[in-house]
Amino acid sequence: MSDWVNVATERELADGQRRVVDVDDVMIAVFNYGGEYYAIEDVCTHDGGELASGELEGDEIICPRHGARFCIRNGKALTAPAYEDVHCFPVRVDNGTVQVCDDRFD
Ligand code: FES
């Protein structure tokens with residue numbers, strides 16, 4: 001498995017917060033939603049918008065460019081104009097630090 005990368009401490013990534021980290025040139029958005037951590041690629045599958053700067057409604061992130069919605073729990077594309085899901089990444093907490101890893105190339 002690829003290396004785990006530190007995102008933030010649990011305190012820094014409180015409920016409702018988000019952080020974007022660069023993992024080997026892949027931008028990953030990590031969310032604390034209801035005390036659970038979720039991570040998706042921070043690139044809209046419609047036309048490359050940065051999802052993490054969009055509004056979060058429940059567990060749906062709204063792309064700030066053209067309004068497509070994605071579920072942050074599983075990366076599913078929920079509304080047009082995006083039809084392809086975004087990738088989800090594993091997240092863990094290690095000794096109080098939230099970590100993510102890019103598992104696609106293992
Ligand atoms: S770039 Fe995200 S909806 Fe178009």
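Residues are numbered from 1 along each chain as its sequence is written. Because the model is predicted, local features need pLDDT of at least 70 and side-chain atom pairs count only at pLDDT 80 or more, while totals for chains, interfaces and linings use all residues.

**View 1. The largest nonpolar core and F70.** This core has 24 residues, and A29, V30, A39, I40, L51, F70 and V91 touch the most other members. Two or more residues each come from β3 (26-33), β4 (36-41) and β10 (97-100). A nonpolar core here is a set of buried Ala, Val, Leu, Ile, Met, Phe, Trp, Tyr and Cys residues joined through C-beta atoms within 7 Å; strands are DSSP runs (E, at least two residues), numbered from the N terminus. Beyond its neighbours within four places in sequence, F70 is in contact with residues including I40, L51, I61 and V86 (contact: C-beta atoms, placed from the backbone, within 7 Å).

**View 2. A three-stranded open sheet.** The strand order is β1-β10-β9, with antiparallel pairing. At the edges lie β1 (5-9) and β9 (91-94), each pairing on one side only. Two strands pair if DSSP finds at least two bridges between them; β1 and β10 have 4. Look for N6, whose bridge partner in β10 is Q99.

**View 3. N74 in its loop.** N74 sits between β7 (69-71) and β8 (88-89). N74 counts as exposed because it has 12 C-beta neighbours inside 10 Å (exposed: 12 or fewer other C-beta atoms within 10 Å; buried: 20 or more; partly exposed: in between; C-beta atoms are placed from the backbone). Although 34 residues separate N74 and I40 in sequence, their C-alpha atoms are 7.9 Å apart.

Notes: Contact = placed C-beta atoms within 7 Å.
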